[in-house]
Amino acid sequence: MAVWDDVVGQERVRAQLSAAARDADSLVTAEAAGEPAPEASKMTHAWLFTGPPGSGRSTAARAFAAALQCVSPDRSLGGEPGCGFCDGCHTALVGTHADVEVVRTDLLSIGVKETRDLVRRAQLSPAGGRWQIIILEDADRLTEGAANVLLKAVEEPAARTVWLLCAPSLEDVLPTIRSRCRHLTLRTPPVAAVADVLVRRDGIEPEVAAASARATQGHIGRARRLATDERARARRAAVLKLPLRIEDIGGCLKAAQELIDAAAEDAAQAAEEIDAKETEELKAALGAAAGGRMPRGTAGAMKELEDKQKRRRTRTQRDSLDLALSDLTGFYRDVLALQMGSGVMLANEDVRDSLDRVARGSTPERTLRRIEAIVACRQTLERNVAPLLAVEAMAVALRAG
Ligand SMILES: [Zn+2]
């Protein structure tokens, strides 16, 4: 079925969701005909999609939303919901369906106020007469207060409301919320399946698609970015040179500084693309006079936007740094594979010379310690430690091995 095409390597989840979409459809049809709702149903009001980054949680949620909104006439002939072409499917997939709200945040947390707005929205009857769907892509970022607001809505949903929550793992969501959701686990899709989707959907050359899928180890979004974005390729190349540049302390500190600078640059570029436009829009909305003078009483709103933009920069910078560290982990994992002679497919075959050099110059024990140093650094960064200090400590630990 067409809406499921992008849900890569998740056969079980696909089967569960399409069964639910079928039952949901029977329910809508029965109600429209004034008949009683079918008794046993695989459809429910709250779902929780979990899976490692890149496994396609939000893609699966969107596909499900599309199948629920499918209005294809083929279905009276026995067709499955989720044709991918009808107005319902199409608008749900591209994000313009009136009854599908996708909440994605650039911020580190989702607060009570935003969640209250969403809950209010969830109470509305669906304009299209089918389902009112809210996709919360970062349910792990709900503050505790926000989660409690959401809990009430998930406990007593309106008849046609569907909540689709996404999070990396079950532990990232409050137990009270997750116990009220049907849980679906996505897995990291196989490298070949990711390459296939890049070729089929994005028209990327098979060779480039295969190399990108391998380098990112089944992370679809990153694989696509690597295949299409020159800048992302340059970043990765720089990160993979790091293991050869940390022979002395000076080299370590320099490499650490460069990682931080690159992340800051990514954040600055992203900010440049969004911030100015956002600020202009808010100024216009608040009634700025010609020449930019702001009316009285609007300073608070402007300050709020500035704070939001600042938090977003911090998050972009962190995400970018985390990406670099994950590439670095991949490098040492390949080194370990070479040292153990395990013959598994290398993620970074394109830098085979460097891998060989580092593998020959150390032992599996040292490589493991290096991987641990990177893991420790990523954990430290999550705790809001100054990034430069954490990365310097990591670079020095990598050198010591
Ligand atoms: Zn359809």
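Is glutamate 349 buried, exposed or partly exposed? I looked it up in this model, which is predicted. Glutamate 349 is partly exposed, because its relative accessible area is 33%, between the 20% and 50% limits.

**Entry 1, salt bridges.** I stayed with glutamate 349 and found its side chain in a salt bridge with arginine 352, where the closest N and O atoms are 3.3 Å apart. Arginine 352 is also partly exposed, at 30% relative accessibility. I then noted a network in which salt bridges with shared partners join Arg231, Arg235, Glu265 and Asp266. The count for the structure comes to 30 salt bridges.

I checked two more of these pairs. Arginine 121 and glutamate 101 meet at 2.4 Å, N to O. Arginine 121 belongs to helix α4 (residues 112-122) and glutamate 101 to strand β2 (residues 100-103), so this pair ties together parts 20 residues apart in sequence. Glutamate 101 is partly exposed, with a relative accessible area of 27%.

The other pair is glutamate 155 and arginine 180, at 2.9 Å, N to O. Glutamate 155 sits in helix α5 (residues 144-155) and arginine 180 in the loop between α6 (175-178) and β5 (182-185), so the parts tied together are 25 residues apart in sequence. I recorded glutamate 155 as partly exposed at 38%, and arginine 180 as partly exposed at 36%.

Arginine 57 lies in helix α2 (residues 57-69). It is buried and has no salt bridge. Leaving out residues up to four places away in sequence, arginine 57 touches Phe49, Thr50, Gly51, Pro52, Cys166, Ala167, Pro168 and Leu186.

I searched the whole structure and got two. Tryptophan 47 and phenylalanine 64 are edge-to-face, with 5.1 Å centre to centre and 70° between the planes. Tryptophan 47 is in strand β1 (residues 46-50) and phenylalanine 64 in helix α2, so the pair links parts 17 residues apart in sequence. Tryptophan 47 is buried at 1% relative accessible area, and phenylalanine 64 is buried at 0%. Phenylalanine 331 and tyrosine 332 are edge-to-face too, with centres 5.4 Å apart and planes at 80°. Both of these residues, phenylalanine 331 and tyrosine 332, are buried.

**Entry 4, the zinc ion.** I listed its protein donors as the SG atoms of Cys70, Cys83, Cys86 and Cys89, lying 2.3 Å from the ion. Their spacing along the chain is C-x12-C-x2-C-x2-C. The site is tetrahedral, with angles of 104 to 115° among the four donor atoms. Cysteine 86 and cysteine 89 are both buried.

Note on methods: Residues numbered from 1 in each chain as written. Heavy atoms only, no water. Donors = N, O, S within 2.8 Å, 3.2 Å for Na, K, Ca; no water. Tetrahedral: all angles 85-135°; square planar, octahedral: opposite > 155°, others 65-115°. Buried < 20%, exposed > 50% of the residue type's maximum accessible area, 1.4 Å probe, protein only. Helix = DSSP H or I, 4+ residues; strand = E, 2+ residues; numbered from the N terminus. Lys, Arg positive; Asp, Glu negative; His and termini not counted. Salt bridge = Lys/Arg side-chain N within 4 Å of Asp/Glu carboxyl O. Contact = heavy atoms within 4.5 Å. Phe/Tyr/Trp six-rings, centres within 6.5 Å; stacked < 30°, edge-to-face > 60°.
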